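This report is written for a reader who meets the structure here for the first time.

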Amino acid sequence: MRLNNKVAVITGGSGGIGFETAKKFIAEGAKVVVADINEKVGQEQVEVLKQNGGEAYFVQTNVTKYEEVVDLVEKTVEKFGRIDVMFNNAGISMPKPFLEHDPSSDYDPVISVNQNGVYYGILASAKKMIELNIEGIIINTASVFGILPGEFTFTYNATKAAVNMMTASAAMELGVHGIRVVSIAPGRVDTPMIQGYKDYGVWDQVMQEQMRRKLTNPEEIANTVAFLASEESNSINGSCIRVDDGYSNFKAPLLTK
Ligand SMILES: NC(=O)c1ccc[n+]([C@@H]2O[C@H](COP(=O)([O-])OP(=O)(O)OC[C@H]3O[C@@H](n4cnc5c(N)ncnc54)[C@H](O)[C@@H]3O)[C@@H](O)[C@H]2O)c1
């Protein structure tokens with residue numbers, strides 16, 4: 001198993017991609033800390049992981065607060081003795097046409113979770129890995145919308161581009177400590193997050209953007225994250241890995257006006 005004896009933290013662990021990654025990490029031999037603002041779902045999912053023989057633990061965490069992310073890392077080390085993998089994956093998307101934006105509801109909250117949350121996760125986990133002399137890996141969830149613009153997701157696009165630059169910048173400074181930092185760019189993944197597009201009459205077009213003409217399964221994202229968390233990917237650092245079924249190579253413009 002590729003993650004034997006590794007301890008991994010997953011933020012947004014109660015969600016679609018996070019939970020599938022928790023299952024995959026455990027299947028690969030890791031102990032997993034599931035962190036999410038949603039305690040009820042997170043606790044239930046940790047029970048499922050344990051019933052299937054996994055070592056898992058839930059820590060309620062709001063990634064918009066640095067002190068809570070520091071506490072998450074501390075609790076991980078208290079519980080499992082180390083931290084090898086930090087998957088900064090919590091994110092929100094609230095699709096809305098740009099001209100209908102109110103900054104307080106359509107800009108600030110998305111920046112807080114998607115951008116600040118990833119920054120806090122990189123910083124807190126890197127400090128702890130260095131303190132414990134662990135050559136770990138930090139994986140951040142970006143998006144195709146960090147590479148290409150997308151309609152109705154102005155702020156989301158900005159945050160995901162920031163995730164990619166934070167990834168590359170952190171990789172440069174942390175490489176000397178043996179810590180790798182990478183990001184992933186999923187396309188359209190079948191999780192609750194994407195359902196908001198149904199409100200804007202572009203659902204059929206969303207399918208057309210994927211080369212297989214269907215949503216990517218969260219399991220397929222989890223497989224890539226497990227590879228990146230493993231030593232098999234040791235030569236990948238600072239990069240954004242596109243897990244988007246071709247979307248960012250072949251995107252056609254949406255047809256709305
Ligand atoms: N679904 C897609 O099509 C898609 C595509 C590209 C990128 N992504 C990214 O993948 C990541 C996971 O999304 P998903 O598709 O699994 O969606 P999801 O909505 O199923 O999961 C997101 C999780 O983040 C948690 N979360 C939200 N705010 C939080 C906070 N302040 N602190 C801690 N946790 C918080 C939610 O409770 C939820 O469990 C996100 O970063 C998202 O932007 C998703």
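Strand β5 (residues 137-141) and strand β6 (residues 180-186) run parallel and are joined by five bridges. Within this pairing, I139 has V182 of β6 as its bridge partner. The model that shows these pairings is a predicted one. Strand β6 is mostly covered, since seven of its seven residues are buried. The burial extends to both faces of β6: R180, V182, I184 and P186 lie on one side, V181, S183 and A185 lie on the other, and all are buried.

On β5, a further pairing is made with β4, again in the parallel sense, over four bridges. Here N88 stands opposite N140 in β5. Strand β4 also has two directions of side chains: V85 and F87 point one way, M86 and N88 point the other way, and all are buried. Strand β4 (residues 85-88) is in turn joined to strand β1 (residues 7-11) by three bridges, and these two strands run parallel. In that pair, I10 is placed opposite F87 in β4.

| Strand pair | Sense | Bridges | Residues opposite each other |
|---|---|---|---|
| β1 and β4 | parallel | three bridges | I10 and F87 |
| β4 and β5 | parallel | four bridges | N88 and N140 |

In general, the strands of a sheet pair through backbone hydrogen bonds, either parallel or antiparallel. In this model, seven strands form an open sheet with parallel pairing, in the order β3-β2-β1-β4-β5-β6-β7. The edges are taken by β3 (56-60) and β7 (240-243); each has a single partner strand, so one side of each is left without a neighbour in the sheet. From one strand to the next, the twist averages 20 degrees.

Helices accompany the sheet. Helix α2 (residues 39-51) lies across β2 (31-36) and β3, and runs at about 175 degrees to β3. A packing between two helices is found for α3 (residues 66-80) and α5 (residues 108-131), whose axes are 9 Å apart and form an angle of about 35 degrees. The crossing of α3 and α5 is right-handed. On the side of α3, the residues Y66, V69, V70, V73 and V77 take part; they meet Y120, G121, A124, S125 and K128 in α5. Sorted by class, this contact of α3 with α5 comprises seven nonpolar, two polar and one charged residues.

I179 has its place in the loop between α6 and β6. Is I179 buried or exposed? It counts as buried, because 20 or more C-beta neighbours within 10 Å are required and I179 has 22 inside 10 Å. Apart from neighbours within four places in sequence, I179 is in contact with A126, M129, E135, G136, I138 and L174. One of these, E135, is 44 residues away from I179 along the chain, yet the C-alpha atoms of the two are separated by 4.9 Å.

Two further loop residues have positive phi values. F152, which is not a glycine, has a phi of about 75 degrees. F152 lies in the loop between β5 and α6 (154-174), and counts as buried because it has 20 C-beta neighbours inside 10 Å. For R213, also a residue other than glycine, phi is near 60 degrees. The loop that holds R213 is the one between α7 (203-208) and α8 (218-229). R213 is exposed, with 10 other C-beta atoms within 10 Å.

Which residues come nearest to the ligand? Of the 29 residues around the ligand, these are G12, G15, G91, T191 and M193. By class, the shell divides into eleven nonpolar, 16 polar and two charged residues. Helix α1 (residues 16-27) gives the most to this shell, with three residues.

Conventions: Residues numbered from 1 in each chain as written. Predicted model: local features only at pLDDT ≥ 70, side-chain atom pairs only at ≥ 80, totals over all residues. Near = placed C-beta within 6 Å. Nonpolar A, V, L, I, M, F, W, Y, C, P; charged D, E, K, R; others polar. Pairing = 2+ DSSP bridges. Axes fitted to C-alpha atoms, helices over the stretch in contact; angles between N-to-C directions. Contact = placed C-beta atoms within 7 Å. Left-handed = near helix turned anticlockwise from the far one by under 90°. Buried ≥ 20, exposed ≤ 12 C-beta atoms within 10 Å, placed from the backbone.
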